[in-house]
Amino acid sequence: MTGSIFYWIAFVVTALAAVFAAVMVITRRNPIHSAMFLVLNFLCIAVLYLLLNAQFIAIIQVMIYAGAIMMLVIFVIMLLSVEEEERRRKIPVPLAQMLGMVLVFILFAQLIFGVVVKVLPGEQGEFSPERIAELGDVKTIAGLLFTKFLFPFEVASIILLVGIIGAVILSKKER
Amino acid sequence: MELFQVQVTMTDLLVIAPELALTGFALVILLMSAFARPERRGFLGYTALLGVVAAMVSLYWGIGVEASAFGGMVRIDPLSFFFKAMILLICLLIVLVSLGYAKREGIGFGEYYVLILFAAVGMMLMASGVNLLIIFLGLEVMSISIYILAGIMRDDTRSVEAAFKYFLLGAFASAFLLYGIALIYASTGTLDLAGIGRVLAEQSWISGRPILITGVALLTVGFGFKLALVPFHMWTPDVYEGAPTSITAFMATGVKAAGFAAFVRVFFYALPSLQAHWTQIMWILAVATMTVGNIIALSQSNIKRMLAYSSIAHAGYILVAFVAGNELGISGILFYLLAYVFMNIGAFTVVILLGKKGEENTLIGDYAGIGYHHPLLALAMAVFMFSLAGVPPTAGFMAKFYVFSAAVKADYYWLAVIGVLNSAVAAYYYLRVLIYMYFREPEREQAIGGFSPAAVLAIIISVWGVLQMGILPSAFLALARQSIQFLL
């Protein structure tokens, strides 16, 4: 599939849509609109995963990010109900933002330049999209997660535990 | 399918034994605090202490050993051994200090100690990780624990503000770090530090490429935030002031030690071939960090804020050694960090002891006349202030001496000159505390609030460390030299 015309068109369209959605997320004044564009962004990323033969990750992306997490985000926005005038207030553009824009522009320029001059990896990864298609997606992920990446996997569980502890102690009622 | 096979050997477990011990104790304390009656929660702190000691004992295996575990994810070698020992020492001192402080401020729950232990696990992973993935995960374990610890005094608005500010900016900085890691992976094809070093050495044409350079720059931003380097320091004073004082000491020493451990590991282990590129950035960062930290510290009237800016400045001095990059320089980083642990935790402990519940007494004016009312405490504070200012015969002097001589040796004369000028400026605000303590009449009666034997023990250990490293530094320097020998 890689290399076909369809592949490139699909890639370019979803990538541009993802960037567009990301820009909309940070420029909309209404938080619900931002959240909706974030859903669009997550969906575009899921399509990009699909193009790389990572169907499992694509589905997880849709279910967990676009589904569960965004649901939570929208709930919170609805519950907090941002004031209308707060929403209308014009945010001035101070020096820091201008400077940030310049830096982001430099960053993009560097990335584009880097892609144009074709810096290809020093070592090709072991699991290219073709190889994953051959082995099976879920099998590869599960296998790697419990062998080569066993230790990082376990460390991630500590991060989740710490997060839960934090949520409990910061929000529990006074005794 | 033999592609996926895993074998966890005894060596693997021994390499991460200290982390395992701390995690185990943290989980036990978590369960105990759920079932213990509120009035009997005092022993949770002692259990945490036991956990740190157990981790120290389990670290004993690692002396002089070089081994990696879990397919080259973590590694024990003299460098990670040194940093792990230092992190455990910090953890020990902080738990000692907290025994009295947490009780006084009503931070009664065991989660406080659990989070300290988990933060230490994260720090040790940063120090021993030789894969960018582990370094990132360790950083996250550490950071998330510290975000919560900063806001653990929920009734105190400043504490909540500190936690929130640190969390928002910290999450942003983590994103920078992750983006940097992704770009480095994109240009080298590996996350393994040794592998990155190998790719860059074999295929040197990559090293000038924009994607790699951008990745390294973003990595520097991510680490720079955690280390509070200028211009990524904006959060430091507010967070250090608002967080509980014991946690401020933990942030100023533990987070810095772990950050510099990962910094040294990444830059001297994986990216030495880019040294010409990153030295220029570090030079500017070092000068900005020293100068901005010291100059703003001059005008602070709150001692916690002053120590926050001073910790920024000290990170700048350490960067001077980093720029020098020679043997004396890298061992100077280790020496400096250890000296900084003693003097900084000591100073914060004195600050804690001079406060009361709900009344922290952190204005410098509150220190007036302490020299007469609490002569021993004031003497200890004087030792720490002299050491922070870099006056002989204290650890701070020797640390600065090694750092600046490393810079001179590597022909960075201007850097050394700027550093020495900065220490002269810094002497003013450290000695001002002494003037208040000894030459000013107290405005009101001062009483020591949370006088606890454990905190006194922490002060004694710190004073011993400051004087020992100042008067007989050669043993410590030799240790630091041995720890970095394999890097060169």
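Predicted model: local features only at pLDDT ≥ 70, side-chain atom pairs only at ≥ 80, totals over all residues.
Reader: What percentage of the residues of chain B count as buried?
Author: A residue counts as buried when its relative accessible area is under 20%. Chain B has 488 residues. The buried share of them is 65%.

Reader: What is the radius of gyration of chain B, and what would a compact globule have?
Author: Chain B has 488 residues, so a compact globule would have a radius of gyration near 23 Å. The C-alpha trace spans about 70 × 60 × 40 Å along its principal axes. The radius of gyration of chain B agrees with the globule value: it is 22 Å.

Reader: Among contacts in chain B between residues at least 6 apart in sequence, what share join residues at least 24 apart?
Author: A contact here means heavy atoms within 4.5 Å. The pairs considered are at least 6 residues apart in sequence. Those that join residues at least 24 apart make up 81%.

Reader: How far apart are the centres of the positive and negative side chains in chain B?
Author: Chain B carries 25 positive side chains and 24 negative ones.

Reader: Why are the buried residues of α20(B) on the same side?
Author: In helix α20 of chain B, the buried residues are B:F476, B:L477, B:A480, B:S483 and B:I484. They lie on the same side of α20(B) because the arc they cover around the axis is only 120°.

Reader: Which exposed residues does the face of α20(B) turned away from its buried side carry?
Author: The buried side of α20(B) has cover that includes α4 (78–104), α14 (327–353), α17 (395–409) and α19 (453–471) of chain B. The face turned away from that side carries exposed residues. They are B:S474, B:A475 and B:Q482.

Reader: Where does a cis peptide bond join B:P231 to another residue, and what is its omega?
Author: B:P231 sits in the loop between α9 (210–226) and α10 (236–242) of chain B. Its cis partner is B:V230. Omega is about 10°.

Reader: Which residue does a cis peptide bond join to B:P393?
Author: B:P393 lies in the loop between α16 (375–389) and α17 of chain B. The cis bond has an omega of about 5°. The partner is B:P392.

Reader: What is the relative accessible area of B:A228?
Author: B:A228 lies in the loop between α9 and α10 of chain B. It has a positive phi of about 55°, though it is not a glycine. B:A228 is buried, and its relative accessible area is 0%.

Reader: How far apart in space are A:G67 and A:A167?
Author: A:G67 is in helix α3 (residues 55–80) of chain A. It is partly exposed, with a relative accessible area of 27%. A:G67 and A:A167 are 100 residues apart in sequence. In space, C-alpha to C-alpha, they are apart by 21 Å.

How values were computed. Residues numbered from 1 in each chain as written. Chains lettered and ligands numbered in written order. Heavy atoms only, no water. Rg over C-alpha atoms; globule rule 2.2 N^0.38 Å. Buried < 20%, exposed > 50% of the residue type's maximum accessible area, 1.4 Å probe, protein only. Lys, Arg positive; Asp, Glu negative; His and termini not counted. Charge placed at Lys NZ, Arg CZ, Asp CG, Glu CD. Helix = DSSP H or I, 4+ residues; strand = E, 2+ residues; numbered from the N terminus. Arc of directions from axis to C-beta.
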